[in-house]
Amino acid sequence: MHYLVKALKHKWIFVALAVLVASIAAHKAAGLLILLLLLALWLIWKEESRFLALLVIISGLLAYLFFVTYQLQKSSPLPSTFPLTWTSDYKIKGQKLRGFATTANGDKLYIVYTFTSAQEKAFYEQLSLAGMTFLAKGELSEPNPPAHAYAFSMTDYLVSKGATGIVDIHEWTYIEKQRSIRTSLATLRHSINMHIERTFPASLVAEAQALLIGLQDQVDEDLQRAYQKLGITHLFAISGLHVALLSWLFFESLLRLGVRKELATIALMVLLPLYGVLAGGAPSVWRAVSVVELIMILRAINWAIAMDDALAISFIGFVLLEPGVIFQIGFQLSYLATVSLIYSGVILKEIRNWLIRSFLITFVCQLLVYPLLLYHFYELSISSLLVNIIFVPLFSFVILPLNIVALGVTYVSLPLANRLFAVYEPLRTWLTKMIFAIQELPFQLWSPGRPPIWLIALAMLSVLMGFYFLETKQYRKFISTLAIPIIGIQLFPMLYKDTKITFLNVGQGDSIVIELPFRKAVYVIDAGGVLRFEQEQWKKADQPYEIGKQVVVPFLKGKGIRTIDIFIVTHADADHVEGAEEILQEIAMNEIHVTPSSLTEPIMADLLKEAKKQRVAVKERMQGMGWQQGETNFSYLWPEDTMYEGNNDSLVLLMRQKGFTALLTGDLEAEGEQRLIQHYGQRIRRITLLKAGHHGSKTSSSESFIELLQPQLTIFSAGLHNRYGHPHPDIVERFVSRNLATLTTGIDGTIEIRIRDNQWHVTAKEKDLVQ
């Protein structure tokens, strides 16, 4: 082992890359193993030792076999009654308890349990479930597919956590609590969490939980979004710098107390892993802890190891212990950012000015991770390059130590702690207000959307080449090397020639996105929304699910849509308009079209308030109005009067592009359909595409309407297993009996129609379905 460590000095990174390739190949496609051969050939071309090239191939293949075997072992059938033991990774939100537990044979499952009463919920909130074993009855269920290509994927999340499935628990019986160091630390963590909630001011609880024990459940969504815009979200997590600072404080404190250096080192080696568990075990924590531990252990036996090698070995160990972890965003960003700092040391060490050095540290980190950030989040914070210079030291050397001191004081003397809070809380409140004010400034974000994989790879390659040019002080080549893929990423979404109509899977609601060729214009019709019903307070989640923010906005950002030219609200129903305000907060709009007299409806209030704040024009539209954009014509066919009475006053839009015609009807019902027939009989005969009215309810899609239109394809926008039974089987049968194709968003997912000249085709669930 000593020989191997010495022989591979500064070379472990290549073994780590081989393990990374093997893991991706095992999860995605075995053909990716060809990258091992390419890496080995590159090492030989760089005149590295053939031993290293052979080691890369052998270690990669062995790792691949390990990962494949690991996946095969995790497929045991689930009996009707089974014991499960909770891990510390769980959350209580509203009426649901969700999290991860292990079975007797070691399978990891995602558990969903529904509380039956407020008392039961309160009981479990007071407990640390980690290590608790229950005899449970439940059923395995398939994770729902993502709403679209840019939405959260439960399947990918389970893979990243090493879980094999989702289990809905019907009932369970407590058996025992397993005793171990891990469960004891989880119990202590829960105790500290409850103590913080009891003793800290309400405005400081979320920050203290995040910084001290790695819990971010109570962080306000608006504040979290402000941190994202400024590129300082990492400050609300326990980072490597965080661990390093605490390690230094602990070590120096022991030395000041007269403890010998050797004993202080041993104490730190013992306590660091314990702290990793106590802090929640995030990838950034374990990365920092494992690297420090490895260096200290090897130094204790007089084996020197370089920082880059320690990081690479840490990576290998992490992935072998939890193969799916490579798909966790925090893991990817943590290791990649650390790599950027280590391998840019030559550049950074020449800078003496602390301000320039701080800027370069942020710049180098952002540079290497920016392709990854665009892939996952579709946007980058531009202001982070400057903001981090101020906020990183502020959080690391002021806010974090103050929270540590405050926590300690609350255990010693609550009156003294309250005096401390009386001084600190107003200052912290002022800082939060300043953060909100800064994030309101324009041009905070670069939002080009998610680039294709080949462009991501090109961007990453350009960064690596850029580092070389920066190190050799070839600044012009550095700038041009970076600029080429950045310009490509910016322009890529505007290069396609097709018109695209996308029916988003927003559950029981409507949302349609129309993109014209070369992104000349973007129109969005409706925003989806959740029909909320009155329920007891204990059943409500602190942060309710929002369709606009969690489904529509990610789709628009993923596509690189920065501005909506016209946003159309067909009518004032929650499942069409509730998400609109959330979209407007994130995506610019030029104007909003609404059906006449609908603005006074209560559901429209939030949208109107946000539109007024952002000075977006809201215009009433009706029959006879329309516009032309290039070869595409848009006409409003309905309503015909200015009295708003509900579904039959939906804005109905007719779209024509050469031989392609689409009729988008909102929630129009049979009565409105008959009026359309009377007014536009020939104009809407034998259309190409129909968005069926009112989600395919029995009150819409009348026989005479279908007979006249004879649409080649009809889309029902309806949620899977919705309570209304949309689309109604009788309505679907009306289309099927005429050999007219239909698709439903709840079943077929997000549906995209692409039109070019007189040709069109349909894609759903990432497959071509209709031509």
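Buried residues are those under 20% relative accessible area, exposed residues those over 50%, and partly exposed residues those in between, computed with a 1.4 Å probe on protein chains only. By that scale S597, at 31% relative accessibility, counts as partly exposed.

The structure is a predicted model, in which local features need pLDDT of at least 70, side-chain atom pairs count only at pLDDT 80 or more, and totals for chains, interfaces and linings use all residues. Residues are numbered from 1 along each chain as its sequence is written, and side-chain values use heavy atoms, with hydrogens and water left out.

**Backbone features in loops**

S597 has a phi near 65°, a positive value in a residue other than glycine. S597 belongs to the loop between strand 12 (588–594) and helix 24 (605–614); helices (H or I, at least four residues) and strands (E, at least two) are DSSP runs, numbered from the N terminus. Q710 also has a positive phi for a residue other than glycine, near 45°, and is located in the loop between helix 26 (703–709) and strand 19. At 18% relative accessibility, Q710 counts as buried.

Two peptide bonds are cis. In the bond from W638 to P639, omega is near 5°, and P639 sits in the loop between strand 15 (632–638) and strand 16 (652–657). In the bond from H726 to P727, omega is near -15°; P727 occupies the loop between strand 19 (713–716) and helix 27 (729–736).

**Nonpolar cores**

A nonpolar core is a set of buried Ala, Val, Leu, Ile, Met, Phe, Trp, Tyr and Cys residues joined through side-chain atoms within 4.5 Å. The largest such core has 38 residues, and F67, V319 and F331 touch the most other members. At least two residues of this core come from each of helix 2 (12–27), helix 3 (34–45), helix 4 (50–73), helix 12 (283–300), helix 13 (307–321) and helix 14 (329–343). Helix 2 contributes the most, with ten residues. Another core, of 35 residues, lies apart from this one and includes L212, A226, L230 and L407.

Contact means heavy atoms within 4.5 Å. Leaving aside neighbours within four places in sequence, V319 is in contact with V19, S23, F67, V325, I326 and F331.

**Helix 13**

V319 is also one of the buried residues of helix 13, along with D308, D309, A310, L311, A312, I313, S314, F315, I316 and F318. Eleven of the 15 residues of helix 13 are buried, so this helix is largely enclosed by the rest of the structure. From first C-alpha to last, helix 13 reaches 21 Å, close to the 21 Å expected at 1.5 Å a residue; the expected span is 1.5 Å times one less than the number of residues.

**Helix packing**

Axes are lines fitted to C-alpha atoms, for helices over the stretch in contact, and angles run from 0 to 180 degrees between N-to-C directions.

| Helix pair | Angle | Axis separation |
|---|---|---|
| Helix 7 (181–199) and helix 11 (261–278) | about 55° | 9 Å |
| Helix 17 (384–412) and helix 18 (414–439) | about 155° | 9 Å |
| Helix 13 and helix 14 | about 165° | 10 Å |

Angles under 35 degrees count as roughly parallel, over 145 as roughly antiparallel, 65 to 115 as roughly perpendicular and the rest as oblique. Helix 7 is therefore oblique to helix 11. Helix 17 and helix 18 are roughly antiparallel to each other, as are helix 13 and helix 14.

A crossing is left-handed if the near helix is turned anticlockwise from the far one by less than a right angle, and right-handed if clockwise. Helix 7 passes helix 11 in a right-handed crossing. The crossing of helix 17 and helix 18 is left-handed, and that of helix 13 and helix 14 is left-handed.

Between helix 13 and helix 14, M307, D308, L311, S314, F315, F318 and V319 meet F331, Y335, T338, V339, I342 and Y343. The residues joining helix 17 to helix 18 include F391, L394 and F395 in helix 17, and L414, L416 and A417 in helix 18.

**L255**

L255 is part of helix 10 (residues 240–256) and, at 27% relative accessibility, counts as partly exposed. Not counting residues up to four places away in sequence, L255 touches R260, K261 and A264. The C-alpha atoms of L255 and T265, ten residues apart along the chain, are separated by 9.9 Å.
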